[in-house]
Amino acid sequence: MEKLRITLGAVSKPLESLKIKTGDWGAEYPVIIEENCKGCGDCVVYCPDLCIELVEVNGEEKKKKVAKVNYDYCKGCGTCSVVCRHDAIKMEIKEIYRG
Amino acid sequence: MMKVVRGFYAVAYSVKLCKPDVICAYPITPQSEIVENIAQMYANGELGNCEYITAESEFGAASILVGASATGARTYTATCSQGLILMSEVLWNAAGMRLPIVMTIANRSLSAPLSIWNDHQDSMAIRDAGIIQMYVENNQEVHDMMPQAFKIAENHKVMLPMMVCMDGYKLTHAYEPVDLLSQEIVDEFLPPYDPPVKMTTKEPYTFGSYATPATYMEFRAAVYNAMERSRKVIEEVYKEWAEISGRNWGGHIVAENCEDADVCVMAMGSLVGLVREVVKELRGEGKKVGFIKIRTFRPFPAEEIAKAVDNAQKVVVFERSLSMGSDAPVTLDVKAAIHKKAIDVYSPVVGLGGRDVPHKLVKSTIEEVIEGKAKPGTYFKGLKDYEEVVV
């Protein structure tokens, strides 16, 4: 088997931590209901892991901005679903944790 | 140059000759005058380009040195007792980050109750951190140890912090004749620190980064293996020092008259001088007693000790600290070292919190073991009869 490479003193270069997908940790994950989302950005402000950004999508009449979650690093804390004023974020349990 | 100096100065002067880049400390009795002496040298401009930083606490001092060492600086601090255990979180990190910070520990007891006097409880409290520990007998030895400590810690096969432990008061405050080293001899012996990795503002790194269960174990095994590798490096450095300085302090241990001894007596730190004298006296009286000075405590010289006590039936370990709920720390390691041999281990605990350890006490303690009047195990000597009452 190939040897595991570890660095002296656990030293790492900038941005190497991106390789560690902390999104694995969560038991739940947020789902954005795009038709409810007004693009207010409250969830973006409150997300403790900087895992939500607003992206442009095509709405019924014109383009609008909605929340998009980065599931690689979202730990599923649920803060976004609590602060959302428009019922646009619901928490789901990950498949592997369903009974 | 032979001079009568105090232990503080013997350390400070030697540290100066090692040309550290960053020194950071917080004063604590009985270490204070070590860093006061260094601060004075710094103020006098004797430390070259060295940065001397006064920290707000020992936690701060150790943290500053972690940062400094990560940038490739040769780093030094001194502390003891509460200061050392306040540093402990940072020190475990320094070991894991493989930063060769060198420290002098002016061994002092731990609270509670508050005591400023000497025993070995402080350094024992962080024996598992991954920091090399060695204990000195006198102020010449501590003076000689500082350049050796930098050389051992900074060896690329090792890269671990190192503590040189000297007994508080008994050595720090004592005036002794010390043959002060010359800059030439230290320069010849100790090359400048060549860091295998260092961070700069242009090349930033994270030291001791986060490790998941997928890699943590390998990082910890690497620290363990570095400590194992240090055994050989330490011995080589001890030997090289003997050649270059003409003073041979021995290896990990120094065994005297153990070959034919029925009873081998061990001690560490400033107690060594007294115990050695008592053992000599007992040999003069025809008793088959040997003496072992333990110099390196981490890594523990198990093989050397097992070999030295091979012909003995009894071993006496003079202990200067406790491990609550088990045998005293040195005894635990000695027992592990000789577990296959039929040897009884006697562990008199003496001199906690600066309690005097007189000649008579050491002699009678050893005699009791020789005469079969003592029971193997951990017991106190020089302890008063006491009764614990509610205020």
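Helices (H or I, at least four residues) and strands (E, at least two) are DSSP runs, numbered from the N terminus. The model described here is predicted: local features need pLDDT of at least 70, side-chain atom pairs count only at pLDDT 80 or more, and totals for chains, interfaces and linings use all residues. Residues are numbered from 1 along each chain as its sequence is written, while chains are lettered from A and ligands numbered from 1 in the order in which they are written.

Chain B holds 12 helices and 15 strands. Its radius of gyration (taken over C-alpha atoms) is set against the globule rule, 2.2 Å times the number of residues to the power 0.38. For chain B the radius of gyration is 21 Å, close to the 21 Å that the rule gives for 391 residues, so chain B is as compact as a globular protein of that length. Along the principal axes, the C-alpha atoms of chain B fill a box of roughly 70 × 55 × 55 Å.

Chain A has two helices and four strands. From the N terminus on, their order is β-α-β-β-α-β. The radius of gyration of chain A is 17 Å, well over the 13 Å that the globule rule gives for 99 residues, so chain A is more spread out than a compact globule. Its C-alpha atoms fill a box of roughly 55 × 35 × 25 Å, taken along the principal axes.

Chain B is assigned domain 1 (2-245) and domain 2 (253-380); such bounds come from an automatic or database domain assignment. The C-alpha centres of the two domains of chain B lie 28 Å apart. Contact between residues is defined by C-beta atoms, placed from the backbone, that lie within 7 Å. In chain B, 27 residues of domain 1 are in contact with 20 residues of domain 2. On the domain 1 side, the elements giving two or more residues are α5 (121-124), β6 (132-135), β7 (162-167) and α8 (216-245) of chain B. Helix α8(B) gives the most to that side, with five residues. The residues of the domain 1 side divide into 11 nonpolar, nine polar and seven charged. Here Ala, Val, Leu, Ile, Met, Phe, Trp, Tyr, Cys and Pro count as nonpolar, Asp, Glu, Lys and Arg as charged, and the others, Gly among them, as polar.

Helix α8(B) also takes part in the contact between the chains. This contact takes 20 residues from chain B and 11 residues from chain A. On the side of chain B, α8(B) gives the most, with three residues. The residues of that side divide into 12 nonpolar, six polar and two charged.

Within chain B, helix α6 (residues 139-153) packs against α8(B) at an angle of about 140°, with their axes 10 Å apart. That makes α6(B) oblique to α8(B). Axes are lines fitted to C-alpha atoms, for helices over the stretch in contact, and angles run from 0 to 180 degrees between N-to-C directions. Angles under 35 degrees count as roughly parallel, over 145 as roughly antiparallel, 65 to 115 as roughly perpendicular and the rest as oblique. Residues B:D144, B:Q148, B:K151 and B:I152 of α6(B) meet residues of α8(B), including B:V233, B:V237 and B:W241.

One runs from B:T29 to B:P30, with omega near 0°. B:P30 is found between β2 (22-25) and α2 (32-43) of chain B. The other joins B:A112 and B:P113, with omega about 0°. B:P113 sits in the loop between β5 (102-107) and α5 of chain B.

Conventions
Contact = placed C-beta atoms within 7 Å.
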